[in-house]
Amino acid sequence: MPSLSYQRQSTPWAARQQRVLPGFGISLGVSLLFISLILLLPASGLIMQTSQMSWQEYWFAITDPRIVASYKVTAVAALIASLLNGVIGLLFAWVLVRYDFAGKRLVDALVDLPFALPTAVAGVTLATLYADNGWIGSVLANVGIQVAYTPLGIVIAMMFTSLPFVVRTVQPVLEEISQEEEEAGTVLGASDAAVFWRIILPTIKPALLVGVALSFTRSLGEFGAVIFIAGNMPYVSEITSLMIFVRLQEFDFPAASAIASVILMASLSLLFAINLWQGRYLKRIHGR
């Protein structure tokens, strides 16, 4: 009896921890049900709408010259915004991790503001600030830079809504980097730039690329924040999300679904490519 009591007391914590949540079957079932209702069901509805079209009708809907122009505007603006977010987000994460200053917690909380703020409110606010008579727009207008109702306004709106993806992806990785390696590089005579490029950047590169990719895919489907500052001029500042909305207003649901499918396939392809690259990168690192 004493030995049995001892064995019960010596049960590893990890083994007991496995019984805190429901078993594998229940957990997997609930997870799959959630994925089906939230992700697969809307995607199935999109496929059903596009299946009502013939291939010629589908191709005509997604290759209309105005639609193609919106693809270009959206993709170019999203690419510029994500690349800029890669640089700015890295700096934000670096400051939050490596420095202590007054108001640090407030700045850290403000990074998540785009997640909490409705995108329509963000769009109205940005349009007001960057208009020619706005606080920031009036200053830029004096030097000949117009932001509101131009493609530049689209880039700024996309940067605002997708910046947290880069910061929150890079920040945990920076926190895990040991400063001993940086100190060793400095002691051996490496410059600050060499330490960053040869020690820090290779470590955070996977997280940084994932953050930039998430920023890009988020920007592709942005609507509320962009629509109020874009100007919505055909072939100049119309985004793809607006064209989907226009088709819905015309009750042309198959065409709207066809255009949405292009954005969906582009986003899924990019995410799949990033995950595939990340998996191979981790295998290569662990195989060394």
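Analyst: Axes here are lines fitted to C-alpha atoms, for helices over the stretch in contact, and angles run from 0 to 180 degrees between N-to-C directions. The model is predicted, so local features need pLDDT of at least 70 and side-chain atom pairs count only at pLDDT 80 or more, while totals for chains, interfaces and linings use all residues. Residues are numbered from 1 along each chain as its sequence is written, and side-chain values use heavy atoms, with hydrogens and water left out.

Helices (H or I, at least four residues) are DSSP runs numbered from the N terminus. Helix 5, residues 65-98, packs against helix 14, residues 240-249, at an angle of about 145°, and their axes lie 8 Å apart. In this contact (heavy atoms within 4.5 Å), R66, I67, S70, Y71 and T74 of helix 5 meet T240, M243 and R247 of helix 14. By class, these residues are three nonpolar, three polar and two charged; Ala, Val, Leu, Ile, Met, Phe, Trp, Tyr, Cys and Pro count as nonpolar, Asp, Glu, Lys and Arg as charged, and the others, Gly among them, as polar.

Helix 5 also packs against helix 12, at an angle of about 140° and with the axes 8 Å apart. That angle makes helix 5 oblique to helix 12, since angles under 35 degrees count as roughly parallel, over 145 as roughly antiparallel, 65 to 115 as roughly perpendicular and the rest as oblique. Among the residues of helix 5 that meet helix 12 are T74, A78 and W94, and this contact has twelve nonpolar, six polar and no charged residues.

Notes: Helices (H or I, at least four residues) and strands (E, at least two) are DSSP runs, numbered from the N terminus.
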